[in-house]
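User: I am new to this structure and would like to know what stands behind the words used for it. Please take the terms one at a time.

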Amino acid sequence: DALWCVLPAAGKGVRAGGDRPKQYQPIAGRPMIEHTLERLAAHPLIAGLVVAIAADDRHFEARDTIGGKPLRVTVGGGERSDSVLAGLLALPASVGERDFVLVHDAARPCVRAADIARLVELAGRGEGGLLGAPLRDTLKRADTGCHSIDTEPREGRWRAFTPQMFRRGALVRALRLAGEDGIVVSDEAMAMERFGVAPLLVEGSEDNIKVTTPADFALAEFLLGRIG
Ligand code: CTP
Ligand code: MG
């Protein structure tokens with residue numbers, strides 16, 4: 001029942017700008033990915049970590065363990081889902097086909113330990129799930145000129161976060177089949193939904209932002225200071 005976590009960290013961080021991919025830009029003086037890795041490694045339910053980095057990565061500080069837990073590094077791919085699949089294939093053989101695996105964005109350093117624990121507890125009763133939050137704002141459909149042309153119902157609409165948790169074998173199959181079908185899935189849940197699985201949405205803290213734009217770094221620093 002050793003629960004491993006795969007971290008896709010092979011993105012270019014185009015929207016964040018800067019002199020290096022966002023996961024290596026500093027938050028409170030340390031690369032973002034170090035905060036993410038440290039928080040996950042410190043979680044009592046997580047047994048080990050696999051990081052998927054870009055083939056030409058020159059920034060990741062490779063080591064065999066973090067916080068006393070095994071750390072594996074593999075090469076990711078062109079889409080996030082390629083990186084996740086590579087990470088899943090780099091898991092140790094001790095992680096069985098039906099064992100659950102967490103997937104967590106390197107770009108979400110502010111995830112709360114209690115939210116991970118709730119996801120594992122609740123989604124682990126079924127076939128998996130993800131952290132998310134119900135939409136707060138009114139949702140508009142825009143034309144290409146940014147005019148609001150319609151209003152979508154907010155009820156029943158959620159934002160999807162990570163971690164997401166699925167069984168290793170099922171997730172590998174779902175991601176492979178999406179690739180074969182030429183469909184780029186934006187998260188693990190989308191790959192599973194295509195097979196009629198309805199992943200459990202577990203409401204998590206809005207602090208769990210995906211650092212995306214330059215302004216998000218200061219916000220993440222503030223949130224990390226508050227979460228501790
Ligand atoms: N990711 C990855 N492999 C890719 C693309 C993304 O491992 N080919 C990872 C990113 O490193 C990040 C997570 O997936 O940790 C979420 O993706 P996103 O926030 O979109 O990061 P980037 O793709 O790097 O950013 P952007 O889309 O602005 O270029
Ligand atoms: Mg991206």
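User: What makes helix H1 (residues 32-41) largely enclosed by the rest of the structure?
Analyst: This is a predicted model. In it, 7 of the 10 residues of helix H1 are buried, so the helix counts as largely enclosed.

User: Which residues of H1 are called buried, and by what cut-off?
Analyst: A residue is buried if 20 or more other C-beta atoms lie within 10 Å of its own. In H1 the buried residues are Met32, Ile33, His35, Thr36, Leu37, Arg39 and Leu40.

User: What covers the buried residues of H1?
Analyst: The cover includes strands S1, S2 (26-27), S3 (30-31), S4 and S5 (65-66), together with helix H6.

User: How do you know that the size of the chain agrees with a compact globule?
Analyst: For 228 residues, a compact globule would have a radius of gyration near 17 Å; the chain has 17 Å, so the two agree. Along its principal axes, the C-alpha trace spans about 50 × 40 × 35 Å. Of the 228 residues, 38% are buried.

User: Which residues does valine 6 touch?
Analyst: Contact requires C-beta atoms within 7 Å. Leaving out residues up to four places away in sequence, valine 6 touches Val50, Ala52, Val84, Gly87, Leu88, Val101 and Val103.

User: Which residues count as surrounding ligand 1, and which are closest?
Analyst: The cut-off is a C-beta atom within 6 Å of the ligand. By it, 23 residues surround ligand 1, and the closest are Pro8, Gly11, Val14, Arg15 and Ser83. The elements that give two or more residues to this shell are strand S1 (3-9) and helix H2 (80-89). By kind, the shell divides into 9 nonpolar, 8 polar and 6 charged residues.

User: How do you know that the reach of helix H6 (residues 215-227) is close to the expected one?
Analyst: H6 has 13 residues, and at 1.5 Å a residue the expected span is 18 Å. From first C-alpha to last, H6 reaches 19 Å, which is close to that value. After H6 comes glycine 228, with a positive phi near 80°.

Terms used
Residues numbered from 1 in each chain as written. Chains lettered and ligands numbered in written order. Predicted model: local features only at pLDDT ≥ 70, side-chain atom pairs only at ≥ 80, totals over all residues. Helix = DSSP H or I, 4+ residues; strand = E, 2+ residues; numbered from the N terminus. Nonpolar A, V, L, I, M, F, W, Y, C, P; charged D, E, K, R; others polar. Expected span 1.5 Å × (residues − 1). Contact = placed C-beta atoms within 7 Å. Buried ≥ 20, exposed ≤ 12 C-beta atoms within 10 Å, placed from the backbone. Rg over C-alpha atoms; globule rule 2.2 N^0.38 Å.
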